[in-house]
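Please keep the sequence and the structure in view while reading.

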Amino acid sequence: MLKTAEEAIAWIHQRKKFGVRPGLKRMDYLLEQLNHPERDFDSIHVAGTNGKGSTVSYLRALLETVGVDVGTFTSPYIECFNERIQYNQQFIADEVVLSYVNRLLPIITEMDQREDVQGITEFELLTAMAFLYFAEMKVDVALIEVGLGGLYDSTNVIDPLISVITTIGLDHVDILGDTLEEIAAQKAGIIKPKRPVVTGNISPEALAVIQQMAKKNQAPLYSYQTDYQIDYLRPDKEWGEVFTFQSQDAVFESLHISLIGTHQTENAGVALQTFILYCQLKGIPVKQKLVQQGLKKTYWPARMERVTKEPLIVLDGAHNVHAVTRLVENLENEFAGKTIHVLFSALKTKDVEGMLEKLLTVKELDILVTTFEFPKAIPLTKEIQAIDPNRISFVSLWQLGLAELLEHMTNDDVLLVTGSLYFVSQVRALIHTLEEE
């Protein structure tokens with residue numbers, strides 16, 4: 001039996017050695033031993049290549065404005081391990097983590113002795129812990145973010161009230177498939193019989209796959225710009241965006257969000273359509289004043305997050321080409337005419353070359369590529385610098401690179417930290433530490 005939360009978290013992390021192992025057999029067995037806590041609460045299931053975290057954050061804020069008690073399960077964490085499992089925006093407590101790990105230990109030990117269910121992964125353990133917590137806290141609804149894909153993801157043991165698919169892009173092609181259609185089929189695996197499905201801004205070829213799966217399951221489908229419409233209006237005066245929302249059930253004018261990017265209006269729209277469906281299911285009235293309050297207060301770290309004004313430092317965990325494409329749109333819309341310095345690092349499993357080439361389409365932008373402490377962090381290779389030797393340079397220690405960039409910046413420049421969310425979270429922690437000193 002473990003005695004501290006630190007020991008418990010270390011035990012969870014050591015399950016990383018089993019990597020990613022798609023399939024539900026281990027999860028089904030574990031939940032059977034735990035008396036199926038996932039059946040004791042309502043849920044909303046959120047999949048997608050990008051936009052899952054922001055959509056969950058918007059949806060949580062909207063639900064809280066009408067008095068709903070909300071659990072959230074998200075990944076990865078930005079500030080601390082416990083933030084992945086929350087109840088009404090409160091992180092799961094250390095003592096609860098410890099108690100759950102001690103409850104799981106003998107079950108996992110027994111499972112590791114069996115060939116059919118051995119090798120349960122870190123994410124599978126976290127999923128089970130989240131289910132235990134939400135059942136124990138008696139949440140009104142839990143927002144469950146898919147870890148990878150959908151069909152074979154460990155979260156796909158729930159029977160949600162609503163399924164959500166935010167976006168479809170080429171990511172994790174080694175596991176999910178190397179075409180949009182193949183990836184869409186994996187994401188569409190979360191669709192359940194006769195349960196509503198809300199989709200975001202998805203390309204026609206990927207949407208067609210989702211439509212087919214929804215039809216097969218007799219699941220009502222609510223598609224972006226078809227069943228609900230988003231019209232981008234303008235940037236917010238302070239920091240954020242303004243948009244309108246319209247569906248057959250509601251019209252909301254001049255909604256303000258505090259996250260930057262036209263894609264964030266799309267994520268907010270997905271969340272708002274999902275919120276409307278949930279309220280219809282539960283008989284809760286939807287009022288514009290509360291909708292605006294919920295959207296405006298939504299906060300999601302490391303997504304076009306402004307951490308300092310002078311100099312302007314922005315963090316964005318655009319960790320694949322699909323996300324970088326949207327990031328480039330934001331840079332061109334929000335910072336036209338400014339010099340943009342990028343501190344970049346990513347995981348070697350990603351299309352790093354494609355990400356850098358997309359960033360370099362922005363004028364007046366230079367990139368300082370670095371690495372960081374993480375098992376799959378990119379090495380600094382000649383191939384990377386050869387993409388554009390005039391605009392790409394290297395620094396082996398990102399802390400030194402950050403200091404160098406800040407030293408030479410003016411108040412008319414922008415510093416963007418982007419790439420892996422794991423990298424961005426490390427930089428974010430250092431910046432906040434320096435601000436507190």
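Arg 326 is found in helix α11, which covers residues 321-334; helices here are DSSP runs of H or I with at least four residues, strands are E runs of at least two, and both are numbered from the N terminus. Arg 326 counts as buried because its relative accessibility is 16%; buried means under 20% relative accessible area, exposed over 50%, and partly exposed in between, with a 1.4 Å probe and protein chains only. Apart from neighbours within four places in sequence, Arg 326 is in contact (heavy atoms within 4.5 Å) with Asn 201, Thr 262, His 263 and Glu 266.

Lys 216 belongs to helix α8, residues 204-216. Its relative accessible area is 69%, so Lys 216 is exposed. Between Lys 216 and Ile 191 there are 9.7 Å from C-alpha to C-alpha, and the two are 25 residues apart in sequence.

## Basis of the description

The model is predicted: local features need pLDDT of at least 70 and side-chain atom pairs count only at pLDDT 80 or more, while totals for chains, interfaces and linings use all residues. Residues are numbered from 1 along each chain as its sequence is written, and side-chain values use heavy atoms, with hydrogens and water left out.

## Strands and sheet

An open sheet of eight strands has mixed pairing and the order β4-β3-β2-β5-β1-β6-β7-β8; two strands pair if DSSP finds at least two bridges between them. The edges are β4 (90-91) and β8 (221-222); each has a single partner strand, so one side of each is left without a neighbour in the sheet. Strand β7 (residues 197-199) runs parallel to β8 and is joined to it by two bridges. Val 197 stands opposite Leu 221 of β8.

Strands β12 (residues 305-308) and β13 (residues 312-316) run antiparallel and are joined by three bridges. Together they form a hairpin with three residues between them. Thr 308 has Ile 313 of β13 as its bridge partner.

## Nonpolar cores

In soluble globular proteins, nonpolar side chains tend to be buried together. A nonpolar core is a set of buried Ala, Val, Leu, Ile, Met, Phe, Trp, Tyr and Cys residues joined through side-chain atoms within 4.5 Å. The largest one has 43 residues, and Leu 30, Val 97 and Phe 134 have the most contacts inside it. Among the elements that give two or more residues to this core are α1 (5-13), α4 (94-111) and α5 (122-137). The largest share, eleven residues, comes from α5.

Another core, of 37 residues, lies apart from this one and includes Leu 62, Val 164, Ile 257 and Leu 259.

A cavity is a set of points on a 1 Å grid over the protein atoms alone where a 1.4 Å probe fits but cannot get out; a pocket is an open set with protein on both sides within 12 Å along at least five of seven lines, and lining residues have an atom within 4 Å of a point. Grid points are joined across faces, edges and corners, and a volume is the space filled by probe spheres set on the points.

The largest cavity has a volume of about 30 Å³. Phe 81, Asn 82, Arg 84, Ile 85, Ile 92, Val 97, Leu 126 and Met 129 form its lining.

The second largest pocket holds about 240 Å³ of space. Of its 13 lining residues, those closest to its centre are Arg 60, Gln 86, Gln 89, Tyr 299 and Pro 301. Helix α3 (residues 52-65) gives the largest share of this lining, three residues.
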